[in-house]
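Here's a quick briefing to read with the structure open beside you. Take it topic by topic and find each residue as you go.

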Amino acid sequence: MGKKRSREEGKDVLPADSGADRMDDSNDDEDFDMVNVEFEWFNFDPEVDFHGVKSLLRQLFDVDANLFNMSALSDLVLSQPTIGSTVKVDGKETDAYAMLTALNTHVHRETEPMNDVLKYIENKAQTNDSLAVIPELINSGKHIGLVFSERLINVPAEIGPPLYSMLIDEIEAAVEDKEPYEFSHYLILSKTYQEVASSLDVEGRKKKKAKEEASTFFFHPEDEVLHKHALAYGSFAYTKEDDSVADSKRAFQEAGIKPTGHMILIEASKFADAVKAITDYLRPQ
């Protein structure tokens, strides 16, 4: 794919209040302990990142991960080491705590992992009128940047903007080198969730209305900002959602959660402004 660029493996330190694990935060006036974490950004490295990337991709696809060859998809991500980044805390040789990359849907369309993912995306987009533009766009022959962005649950959202900003810089450099990253759109695959009533200890509680509309929450807070710059966005049910037991995901609360898939389509001409908006929104205070 032409000349490969190398990015200096820089270190960045988030403020303590944004990158900390809080203990005893039930009351704003109470004391709490914080753990400072120094995050490091790295290029993808096939020699060390296979298992970490595979784990994060499985988390991103949730219960539907078993529908795909995750090893092949991980290899595809790792095949373009100068596009996208991993985030780690204990040096390059450790597993990633977060990752972000963009794959060209047209260039890789004949590969097994991309072919399977595109069929999945088309199928899911057809279940939500808000996503109706996506199947036609995928089959139009346009070069779309399919963005995979995922991080471990306790990793602060503030690491998101640098990942997106680096991606823009890397894609601009790749286009200058005549590499196939001149996208017409970016399609961000993400996930949301809804709270659901627990089936445990139901005696003595009032049951909520069965058809009560549930609120949607974001695993990635930046997604809500990206919506404002999107051509289309919407959620979809997982194929294997019956395999997910809400109560098993209940943590210190009486409600469980029901994850759902989510897609955000942004025109390439608006992507930089969208990244600036999430940078402003998640700027450490």
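Is Glu-40 buried or exposed? Glu-40 counts as buried, because its relative accessibility is 11% and the cut-off for buried is under 20%. Keep in mind that you're looking at a predicted model. The chain has 285 residues, and buried ones make up 46% of them.

**The big picture**

- The chain is built with seven helices and nine strands.
- If you take the contacts between residues at least 6 apart in sequence, 79% of them join residues at least 24 apart.
- The average pLDDT of the chain is 84, and 76% of the residues score at least 70.
- Go carefully with residues 1-26, where pLDDT stays under 50. The model still has 64 contacts beyond four places in sequence for this stretch.
- Residues 203-213 also have a pLDDT that stays under 50, and here the model has two contacts beyond four places in sequence.

**Back to Glu-40**

- You'll find Glu-40 in strand E2, which covers residues 38-42.
- A polar atom of the Glu-40 side chain lies 3.1 Å from the backbone nitrogen of Gly-91.

**Nonpolar cores**

- The largest nonpolar core has 37 residues, and the members that touch the most others are Phe-61, Ile-134, Phe-148 and Met-263.
- Helix H3 (residues 112-125) gives this core its largest share, six residues.

**A closer look at Val-77**

- Val-77 sits in helix H2, and with a relative accessible area of 0% it is buried.
- Setting aside neighbours within four places in sequence, Val-77 is in contact with Phe-44, Val-53, Leu-57, Met-99, Thr-101, Leu-103 and Phe-148.

**Aromatic rings**

- To describe a pair of aromatic rings, you give the distance of the centres and the angle of the planes.
- How many aromatic pairs are there? The count comes to twelve.
- Tyr-181 and Phe-183 form an edge-to-face pair, because their planes are at 90 degrees and anything over 60 counts as edge-to-face. Their ring centres are 6.0 Å apart, and both residues are buried.
- Why is the pair of Tyr-193 and Phe-217 called stacked? The planes are at 20 degrees, and planes under 30 degrees apart count as stacked. The centres of these two rings are 5.4 Å apart.
- Tyr-193 belongs to strand E6 and Phe-217 to strand E7 (residues 216-218), so this pair ties together parts that are 24 residues apart in sequence.
- The two partners sit on either side of a cut-off: Tyr-193 counts as buried at 19% relative accessibility, but Phe-217 is partly exposed at 31%, since buried means under 20%.
- Ring pairs also link a cluster made of Phe-61, Phe-68, Tyr-120, Phe-148, Phe-236 and Tyr-238.

**Charges over rings**

- Look at Lys-88, whose charged end sits over the ring of Phe-42, 5.7 Å from the ring centre.
- Lys-191 has its charged end over the ring of Phe-219, and the distance to that ring's centre is 4.9 Å.

**Two loop residues with positive phi**

- Asp-62 isn't a glycine, yet it has a positive phi of about 55 degrees. Its loop runs between helix H1 (50-61) and helix H2 (70-78).
- Lys-178 isn't a glycine either, and its phi is positive too, near 65 degrees. Look for Lys-178 in the loop between helix H5 (160-176) and strand E6 (185-197).
- Which of the labels, buried or exposed, goes with each residue? Asp-62 is buried, with a relative accessible area of 16%, whereas Lys-178 counts as exposed at 76%, because exposed means over 50%.

Note on methods. Residues numbered from 1 in each chain as written. Predicted model: local features only at pLDDT ≥ 70, side-chain atom pairs only at ≥ 80, totals over all residues. Heavy atoms only, no water. Helix = DSSP H or I, 4+ residues; strand = E, 2+ residues; numbered from the N terminus. Buried < 20%, exposed > 50% of the residue type's maximum accessible area, 1.4 Å probe, protein only. Phe/Tyr/Trp six-rings, centres within 6.5 Å; stacked < 30°, edge-to-face > 60°. Lys NZ or Arg CZ within 6 Å of the ring centre and 35° of its normal. Polar contact = N/O pair within 3.5 Å; in protein donor to acceptor, adjacent residues only side chain to side chain. Core = buried A, V, L, I, M, F, W, Y, C linked by side-chain atoms within 4.5 Å. pLDDT = per-residue confidence, 0-100. Contact = heavy atoms within 4.5 Å.
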